[in-house]
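Okay, everyone, thanks for coming.

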Amino acid sequence: MIRAAIIGTGFFAPENVVTNDDLAQIIDTSDKWITERSGIKERRWLAMGEDGRTVLNGAEMGAKAAERAIANAGIENSDIDQVIFATLNPDVAFPGNGVFIEELLGLNTAGAMDIRNQCTGFVYGLAAADGFIRAGTAKTVLVIGGEIQSTALDKSDRGRDMSVLFGDGAGAVVVQAKEGDQGVIASVLHSQGRYARDLWLEGPVATMEGRIDSAMIDEGRHFPKMNGQIVFKHATRRFCESINEVLEKGGFTPEDIDLMVPHQANQRITDAVGQRLGLKPEQVFSNIAKYGNTTAATIPIALAEAVEEGRLKKGDLLVTVAFGSGFTWGANLVRW
Ligand code: COA
C-alpha cells in the first residue's frame, strides 16, 4: 500500500529572542502573567533592517526550514514536485508564499499551493499532501508552515492579550510516497464559520474601495483580535474530539500514542488535553516556552525538534492536532 511518509523535518527560528521581561518594557504586562496564562517565556521576532523591513521575509524563513528538511530527508530539491505553504500572513497580498519557495529553492516549475487555515494550516497541509500522494498527483511534497506575526501585532496596551502570545518562525516536512506502514494513516478536518469573528484580522477588506481607511486604522481593525476565553474553551474541546476521532479512524486509543504534537497555542490548553485523554507527560511534546505561538509553524517546528531530541523513532504512532481561527481544527494520525 502506498502511504505518504514524512521522510525529513527542518525548522528555522529567527535569532532575535524577545523575553517576557522585554515585552514588559513596552507593554503593561509581566513575566508572571504571561507565564501563568500561557506557559510562554520567550518568542522570536524577526529583527528589523535599516530599510524598515524584517531582515527575512516569510518565504525566506520557509526556504531555510525547507532546506534543512530536504537535507534531513537525503533528497535533492529537484525531487520535489509539489509545495504546500501554510500561513495566515503571506508576504504580499498575492501571490501566496508557495511560488516564492519554488523560486528560492529552484524547484523547476513544481506545483505550489497555499493554505489559509491559520493555526490549523499545517494539519490541513499534511492532509492535502497525503491526498495528492494517494491520488498519484504528486510523489514528493514539501509542506511548510511559516509565519511573521511580529509586524502585525498591536504592541500597545490595547493589544496585550494577543501580542504576548505570538512569535515568528517556520517549519517544514518532506512527505514522500512509500510502500509499507510508514506514513499518514488518517486525517480529520473541521470548521465552524460562526466563530470566524472571535479570532480574526479584519482589515484590509476586499469590499471597501482602497481596502482600508483611517477610521479602521484608528480603531485598530488592522490588528488581529481574539475573544480569548471562547477560543480557549473551544480549543480544548475540539483538540480532544479530533484526537479521539482520528485515533478511532485508525483503530487506536489514546494509550497507543507514542507522541502527540499539538499546535502550540497555550500550555494550559496542552495540559488540559493531556489530562482529559489520560496521556503521560512523555506522550506530549511542548516547546511553547521558547517560541510562543507561531500559528501554522508550531507543529512542523515541534516535529523537527522532537526528531532532534530523539523523541520520535521509526514505527512510533504520532498524532498532530490543531485548532485556530475560522474556527478550524483537525488532526493527523501518522506512523513515523
Ligand atoms: N498582561 C497582563 N494582563 C493582561 C494581559 C497581558 N498580556 N492580557 C490581558 N490582560 C488582563 C485583561 O485585561 C484582564 O484584566 P481585567 O480583569 O482587569 O479586565 C485580565 O488580564 C484577565 O483577562 P482574561 O481575558 O480574562 O484572561 P484569561 O485568563 O482568559 O487569559 C488568554 C487570556 C488570552 C491567555 C486566554 O484567554 C487564552 O489563552 N486563550 C486562548 C488563546 C489561544 O490559544 N489563542 C490561539 C488559538 S490558536
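So, near here means that one of a residue's heavy atoms lies within 4 Å of the molecule. On that basis 21 residues surround the ligand, and the closest are T29, R37, G228, Q229 and N266. Quick caveats: this is a predicted model, with local features needing pLDDT of at least 70 and side-chain atom pairs counted only at pLDDT 80 or more, while totals for chains, interfaces and linings use all residues. Numbering runs from 1 along each chain as its sequence is written, and side-chain values use heavy atoms, with hydrogens and water left out.

Now the polar contacts, meaning pairs of N or O atoms within 3.5 Å. N266 has a polar side-chain atom 2.5 Å from a ligand oxygen. For Q229, a polar side-chain atom sits 2.6 Å from an oxygen of the ligand. And R160 has a side-chain N or O atom 3.0 Å from a ligand oxygen.

How much of the ligand does the protein cover? On its own the ligand has 970 Å² of accessible area, and the protein covers 73% of that; the areas are Shrake-Rupley with a 1.4 Å probe.

Which elements give two or more residues to that shell? They're α2 (31–38), α6 (160–163), α8 (228–250), α9 (267–276) and β12 (317–324). α8 gives the largest share, four residues. Helices and strands are DSSP runs, by the way: H or I of at least four residues for helices, E of at least two for strands, numbered from the N terminus.

By class, the shell has nine nonpolar, seven polar and five charged residues. In that scheme Asp, Glu, Lys and Arg are charged, Ala, Val, Leu, Ile, Met, Phe, Trp, Tyr, Cys and Pro are nonpolar, and the others, including Gly, are polar. Domain 1 (2–180) and domain 2 (185–285 + 294–335) each supply at least three shell residues, with bounds from an automatic or database domain assignment.

Zooming out, the chain has 11 helices and 13 strands. Its radius of gyration is 19 Å, close to the 20 Å from the globule rule for 336 residues, so it's as compact as a globular protein of that length. That's over C-alpha atoms, and the rule is 2.2 Å times the number of residues to the power 0.38.

Last stop, α11 (298–308): nine of its 11 residues are buried, meaning under 20% relative accessible area with a 1.4 Å probe and protein chains only. Among them are I299, L303 and E305. After α11 comes G310, with a positive phi near 70°.

Terms used. Polar contact = N/O pair within 3.5 Å; in protein donor to acceptor, adjacent residues only side chain to side chain. Buried < 20%, exposed > 50% of the residue type's maximum accessible area, 1.4 Å probe, protein only.
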